[in-house]
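Please look over the chain shown below before reading on. The paragraphs that follow start with the overall layout and then turn to single regions.

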Amino acid sequence: MKRSAPQPSQATWTFLSNHAHVLICLARSPDLRIRDLAQAVGITERAVQRILAELTDGGFLTVIKDGRRNSYTVNDKLPLRHPVEAPHLVRDLLALMR
């Protein structure tokens, strides 16, 4: 019997963290609103705000304010944070997701 791939709503875990999901979304669409990021990643707006603050504090994102809207620039030259991933840069992860 052939099994089909689980649907996103059925998944109980993923290979990437929510931080990675937010970073990937912003690399694709730098002008996404927090509401749109939360929906895309499947987390609360409050969780997105926390992740954005952590990514900004860590130097992975730069925030450009334009009135009430924000635009984000991903710093893809930094190494990934986990020791297993540290030999790779953010740009390597983003290249896999294109």
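A residue is called buried when its relative accessible area is under 20%, exposed when that area is over 50%, and partly exposed in between, with a 1.4 Å probe and protein chains only. The model is a predicted one, in which local features need pLDDT of at least 70 and side-chain atom pairs count only at pLDDT 80 or more, while totals for chains, interfaces and linings use all residues. Residues are numbered from 1 along each chain as its sequence is written, and side-chain values use heavy atoms, with hydrogens and water left out.

The chain holds four helices and two strands, which follow one another from the N terminus in the order α-α-α-β-β-α; here helices (H or I, at least four residues) and strands (E, at least two) are DSSP runs, numbered from the N terminus. Contact means heavy atoms within 4.5 Å, and of the contacts between residues at least 6 apart in sequence, 35% join residues at least 24 apart.

In the helix α1, the buried residues are Ala20, Val22, Leu23, Ile24, Cys25 and Leu26. The elements that cover them include α2 (34-41), α3, β1, β2 and α4.

The strands β1 (residues 61-66) and β2 (residues 69-74) run antiparallel and are joined by six bridges, where two strands pair if DSSP finds at least two bridges between them. Along this pairing, Ile64 stands opposite Ser71 in β2, and Asp66 stands opposite Arg69. The hairpin that the two strands form has two residues between the strands, and Gly67 takes a positive phi near 65° there.

The loop between β2 and α4 contains Pro79, which is partly exposed, with a relative accessible area of 41%. Leaving aside residues up to four places away in sequence, Pro79 touches Phe60, Ala86, His88 and Leu89. The C-alpha atoms of Pro79 and Val90 are separated by 5.9 Å, although these residues are eleven apart along the chain.

What lines the largest pocket? A pocket is, on a 1 Å grid over the protein atoms alone, an open set of points where a 1.4 Å probe fits, with protein on both sides within 12 Å along at least five of seven lines, and its lining residues have an atom within 4 Å of a point. The lining of the largest pocket has 16 residues, of which Ser17, His19, Ala20, Leu80 and Glu85 lie nearest its centre. At least two residues each come from α1 (18-28), α3 (45-57) and α4 (90-96), and α1 gives the largest share, three residues.

Finally, rings of Phe, Tyr and Trp (its six-membered ring) pair if their centres lie within 6.5 Å, with planes under 30 degrees apart counted as stacked, over 60 as edge-to-face and the rest as tilted. This rule gives a count of one aromatic pair. The rings of Trp13 and Phe15 have centres 4.9 Å apart and planes at 75°, so the pair is edge-to-face. Both Trp13 and Phe15 are exposed.
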